[in-house]
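Visitor: I have a structure open on my screen and would like to learn how to read it. Could you walk me through a few of its features?

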Amino acid sequence: MSFAVKVNKLNYHYSRLAVLKELSFDIPSGNFFTIIGPNGSGKTTLIKILAGILKPLSGQIDISGQNLKQYNPKNLAKKISYVPQSVEIAFPFTVLEVVLMGRSPHHGILALENQHDLDLAYKAMAFTSVEALAHRKADQLSGGEQQRVIIARAICQEPQIILLDEPTASLDIAHQVKIMDLMEKLKTEKKMTVIMVSHDVNLAAMYADTVLLMNKGQIVKIGPTAKVLTYTILEKIYGCKILVDTTPLGGYPRITPVPAKYQKITDSKPLSI
Amino acid sequence: MKKAKLNLPKRILVVNLILLIILAGISFLGLACGSTGIDFLALIKIIFKSEINESMLPAIIWQIRLPRVLLAALVGATLSLGGLVFQAILRNPLAEPYILGISGGAAIGAIIGILLGLSRFPGVSLFAFAGSMATLLLILVMASDKTILKKDSLLLSGVMVNAFCSAVIMFLISMTQDSRLHNIIFWLMGDLSVADLGQTFSLAMVLIPCFIIIFYYSNVMNLLLMGQEQARAMGVNIKLVIFILLVITSLMVSSTVSYCGLLGFVGLVMPHLLRIILGPDHRVLVPACILGGGAFMVFCDLLARTLPEQGEMPAGVITALIGAPLFIYLLKRSSR
């Protein structure tokens, strides 16, 4: 099996506060890989290190079989694209212009686009259903539309790995599912490795091949969804009562935090089915 | 496959050809107008040397007006471009060398240089460069805390840096008692009357390479507008690029300040006007700001020379009269 990402004994800290402690894990190529965990567990830091934005303090990271340190920013951008948590497009670029920016790492300094770039940009826009908005000003679009524009830009970059930091956080449920479907399509149709940070354990459960559960900068458990998302593990990590059953569609684990008013009823019963 | 206004090189060419014609037209007007009145015909004759004129006019045009028009064009280009670069790096459409206090820092350096009796170039220019780098560092240290990148706090810190610079300038002026006083005060208001052809030429030798380097980074500036993390993820070596752009911009702004003093708001007016007309793509905007900014400054200087019945007013008065209301309008619009 080939690996998109191999992480070995990764450490990181902000000032003197340790954020990531001795992380080691592998991500197979073509995997839908989701990183979950409570607030402050180091998820975003981890994905920013993989994107080359933050420099690890120690440990080794291999991207497509080559050490991360040996990539210059441009070569790394040809392998990996990154969609941040929130994107604010503050200047009146058109959607097409924003998506075409994804071609920059493939070009020389002025990045003058050719027909091939334009075709790729339109394909990427069609993929995320923003084609009709191509000539609209991106700063006037809704949050969900901007998110899809940024994802189109990331696709247009033609990477092997796409990193996303909570892409569904600010979206309504319909758009959440759309974005996740899109990521699944990237995996199956474009054979990309999708690495995503998510707060939404239920969405992660329905789409991910592998889940990495983090807490306080350390790996709690890594593996297939059903193995990681169990109530014994989740209750311990999140520190609240949790009910785990399965979804009527597909039989994925379904996680429900238990409100205080029901805790007496559930105290006497096992919460996992 | 799909229709798109793709042809970027063509667009850059057409836009800049139009702006070049405007710049040439205004420069022509600048050469023709002066305290001796407006005389287009004489100017054309002098340019083509079809008639040997015995009057003083050729000397006035070649030795007084031409260096002044050229200087105005260079200064306008530099300040507009400076504004554009700061707006891209700070992702703040209200950033500008004068508003951020970088021109003020350069002015402190320049005044110290003048008081020490140094020559304009390179002595005063080096002091101005040191002053602008010092204020730039101050602003960047304040801006390194993420919250200050928000519009209001950045502008507020600029106002404070400016206030401090003004105080230092006033302190230096009040310590001066000889004839240099009038020079310094007039120069502070933005004064283009000092130009001679040789000085303008040596200034151009500093500025034009800076323009080329900034154009080289124009696509990178597009990516910077998406945020530094996004730019990094699209393959930009952020630290290196920002360092180069800031040093180059400070160098150009401080060299023009050491020649012409403080000309405010030029870096605000042109980038905004051109961004509204041409869109935010820096590959178009960088050359457009050079030519458009040049044309704007030549025009402002022309007004400064011709509006008063006698003598002239500092060009900085005109740029501030146009720029400050525009700034207020933009601030109001952006806070909506």
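Predicted model: local features only at pLDDT ≥ 70, side-chain atom pairs only at ≥ 80, totals over all residues.

Visitor: At what angle do α9 and α12 of chain B pack, and how far apart are their axes?

Guide: The angle is about 160 degrees, and the axes are 10 Å apart. An angle over 145 degrees counts as roughly antiparallel, so α9(B) is roughly antiparallel to α12(B). The crossing of α9(B) past α12(B) is left-handed.

Visitor: Which residues of α9(B) and α12(B) meet?

Guide: From α9(B) come B:Gln199, B:Leu203, B:Val206, B:Leu207, B:Cys210, B:Ile213 and B:Ile214. On the α12(B) side they meet B:Leu245, B:Ile248, B:Leu251, B:Met252, B:Ser255 and B:Tyr259. Sorted by class, this contact has 11 nonpolar and 2 polar residues, with no charged ones.

Visitor: Now for a sheet. In what order do the strands of the open sheet in chain A run?

Guide: The order of its 4 strands is β2-β1-β4-β5, and the pairing is antiparallel. β2 (17-28) and β5 (66-67) of chain A are the edge strands; each has a single partner, so one side of each has no neighbour in the sheet. Look at β5(A) and its partner β4 (residues 58-63): the two pair in the antiparallel sense over 2 bridges. There you will find A:Ile63 opposite A:Gln66 of β5(A).

Visitor: What about backbone angles? Which value does phi take at A:Glu158?

Guide: A:Glu158 has a positive phi of about 50 degrees, although it is not a glycine. This residue is in the loop between α5 (143-156) and β7 (161-165) of chain A. A:Glu158 counts as partly exposed because it has 17 C-beta neighbours inside 10 Å.

A:Lys216 is another non-glycine residue with a positive phi, near 50 degrees. Its place is the loop between β9 (210-215) and β10 (218-223) of chain A. With 15 C-beta neighbours inside 10 Å, A:Lys216 counts as partly exposed.

Visitor: And where the chains meet, how many residues of chain B are in contact with chain A?

Guide: In general, the size of an interface is often given as the accessible area lost when the parts come together. Here we can count residues: 26 of chain B are in contact with 28 of chain A. On the chain B side, α1 (8-32), α10 (218-224) and α11 (228-233) each supply at least two residues. By class, that side has 13 nonpolar, 7 polar and 6 charged residues.

Technical notes. Residues numbered from 1 in each chain as written. Chains lettered and ligands numbered in written order. Pairing = 2+ DSSP bridges. Axes fitted to C-alpha atoms, helices over the stretch in contact; angles between N-to-C directions. Parallel < 35°, antiparallel > 145°, perpendicular 65-115°, else oblique. Left-handed = near helix turned anticlockwise from the far one by under 90°. Contact = placed C-beta atoms within 7 Å. Nonpolar A, V, L, I, M, F, W, Y, C, P; charged D, E, K, R; others polar. Buried ≥ 20, exposed ≤ 12 C-beta atoms within 10 Å, placed from the backbone.
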